[in-house]
Amino acid sequence: MDLIEKIFNAGIVGAGGAGFPTHIKLNCNVKYLIVNGAECEPLLETDKFLMRTKSTEIIRAMDEVGRMIEAEKLIISLKSKYKNEIKHLENAIKELNSNVELFLLENFYPAGDEQILVYEITGKSVPEGGIPLDVNLVVSNVGTLVNIFEAINGNPVIEKYITLIGEINNPGILKVPIGISIKECIEAAGGSSLNDFSVIIGGPMMGRIVHKAEIENEFITKIMGSLILVPSDHYIVKRAQTPIKHIINQAKTACIQCSMCTELCPRYLIGHKLRPHRLMRSLGMSENEEEILKEALICCECGICELYVCPMGLSPRIVNKYIKEQLRNKKLRYQRDGNDITAKEIREYRKIPVSRLISRLNLKKYQHKNMEKALEVKASRVVINLRQHIGVSANPIVAIGDRVLRGQMIAKVSMEELGANIHSSIDGVVCKISDSVVIQRIDNEVIL
C-alpha cells in the first residue's frame, strides 16, 4: 500500500482549519513542501505543543511525503520567537539526518495564512482565486503531518489536540476523541470561572462563536484546534451577534471611505485585487457593480479590516462574507485577469504585530499559560459528523445497533471523491445515524 492510500484510509484532512482532504492535496509533484507551524490565530498553542512533543514524528512524515511528491525543498515555517520548538525540531532534523529546513517568521498576523506564508518563503504571490499548487508548491499543517505519521503506522484520525483557554479554571492542551462534546471538554478542564460565557471555536479573528446554552450540541471535529471561553458581553461576541441587516445599514451610513481596510488587507498587500473599501462603497451607494462585488470572493476573512483597522467600528469582513454568499448562490466565480501579481512595496511596513492585536481584542490576560502537558479526556458518548471536511459527506457503513471498535471505519468515500473516511473514536454501539453517527460506550451488556 502506497502513502496516498494510507492517508486516504486514515481519513486525514487539513488539521489547520480548512479541512481539505489530504489524499487529494498530496496527489501531486511540486518543488516545495511547506509545513505550517506559525499558528495563524492569536493565543493558540496547539501547533507549538505538537512541534515540541512530536518533532520526530513531524520530520519523519515530512521526509516520507517529500519523497512521494518529489519535492526539492522541505520547509517548516514557524515564528522566530518559538525558541523551544525550534530547538526540538533542529534536534529531530539532526537525529534523522533529514533535509528539512526551518524558515523563521516575524511575529505578525496573519503570518500563518497559507498565501501569506507562501509569499514570505518564496517571494511569489499565489494568483487571485488560486492555490499554492499554482506556484509549484503544497502547504500542510504540522497537525496534518502528525496524522500522516500515524497513518504510516496504520492508525486513523480518531483524536484531536486542542487549545482550551480563556475563562476556564485549568487552561491547557486537551487530547480528546473526535466527536466528544465541547461541554465535556470544558468540564474536564475544571469548568468556567463565569456563570455566563461564550465559546470561540477556532481563533478570535476567524472563529465561530457559540453560547453556553449551545455547547452540549457542539462536538469536536478533525479541523477544530482551539476553544476560547470569553464573557458573553465581550467585544468579539457582541460584534458577531450584530444582525447582517444592521451591519449593512452601518456600512451604508457610516463608512467614510478612508480605505484603511484596503491599505492593511494582507491579500491586497501581496498584490491581489481586493479592495474592501470599494466593496463597502458599492454596497453603501447601492451601485452593485458586479465586477467590484466579485472581489469579495478572494477575501480570506482574516478580520483585520473589522477587528483591528476600521476607525468607525464597521465590519468589512462580514460584508465580504455576505457578498460571497450572494454571489455563490448565483453560481458566480472569481475570474483571474491573467496579469502578473506584484506585492506592494509598502507591505513590509504594514504587518500587524500580534501583541498589539491581542491588546486591541482585550484578550491579553489569556496569554502565557502553561501548555507543557496534554490532558487526555475520555468520552462515554461521541457524535461524529459525517462531513467535517471540505467536499462530500462520508457514507455510513454501519447500522444502528452495530458494535464498533475504536479506530474502525464507520463511514467512507471513494478515493476519487473530495471527501474523507470517518472512524469511530471509542469502543461502543451505534445508537443513531443522521448527518452524524452517534456511538455510546458500553461497559456491560446492553439490550437495545
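**Figure 1. Six strands form an open sheet with mixed pairing, in the order β9-β8-β10-β6-β7-β12.** This is a predicted model, in which local features need pLDDT of at least 70, side-chain atom pairs count only at pLDDT 80 or more, and totals for chains, interfaces and linings use all residues. Residues are numbered from 1 along each chain as its sequence is written, and side-chain values use heavy atoms, with hydrogens and water left out. Strands (E, at least two residues) and helices (H or I, at least four) are DSSP runs numbered from the N terminus; two strands pair if DSSP finds at least two bridges between them. Strands β9 and β12 (374-376) stand at the edges with a single partner strand each, so one side of each has no neighbour in the sheet. On average, neighbouring strands of this sheet are turned by 30 degrees against each other, direction ignored. Strand β8 (residues 197-201) pairs with β10 in the antiparallel sense over five bridges, and Val199 has Leu229 as its bridge partner in β10.

**Figure 2. Helix α3 (residues 46-53) lies across β6 (159-166), β7 (172-177) and β12.** The helix runs at about 125 degrees to β6. Axes are lines fitted to C-alpha atoms, for helices over the stretch in contact, and angles run from 0 to 180 degrees between N-to-C directions. Lys48 forms a salt bridge with Glu45 (3.4 Å, N to O); the term denotes a side-chain nitrogen of Lys or Arg within 4 Å of a carboxyl oxygen of Asp or Glu. Both Lys48 and Glu45 are buried, where buried means under 20% relative accessible area, exposed over 50%, and partly exposed in between (1.4 Å probe, protein chains only).

**Figure 3. Strand β5 (residues 137-141) is mostly covered, with five of its five residues buried.** Leu137, Val139 and Asn141 are buried on one side of β5, and Val138 and Ser140 on the other. In a regular strand the side chains alternate between the two faces of the sheet. Strand β1 (residues 32-36) runs parallel to β5 and is joined to it by five bridges; Asn36 has Asn141 as its bridge partner.

**Figure 4. Leu33, Met62, Ile76 and Ile148 touch the most other members of the largest nonpolar core, which has 66 residues.** Such a core is a set of buried Ala, Val, Leu, Ile, Met, Phe, Trp, Tyr and Cys residues joined through side-chain atoms within 4.5 Å. Not counting residues up to four places away in sequence, the contacts of Leu33 (heavy atoms within 4.5 Å) include Met62, Val65, Ile69 and Val138. Another core, of 37 residues, lies apart from it and includes Ile178, Ile410, Ala411 and Ile426.

**Figure 5. Glu114 and Lys25 form a salt bridge, with their closest N and O atoms 3.8 Å apart.** Glu114 lies in helix α6 (residues 114-122) and Lys25 in helix α2 (residues 22-25), so the pair ties together parts that are 89 residues apart in sequence. Glu114 is partly exposed at 29% relative accessibility, as is Lys25 at 26%. The whole structure contains 23 salt bridges.

**Figure 6. The side chains of Thr262 and His277 are joined by a polar contact of 2.7 Å.** A polar contact is a pair of N or O atoms within 3.5 Å; within protein, one must be able to donate a hydrogen and the other to accept it, and residues adjacent in sequence count only if both atoms are side-chain atoms. Thr262 is found in helix α11 (residues 260-263) and counts as buried at 2% relative accessibility.
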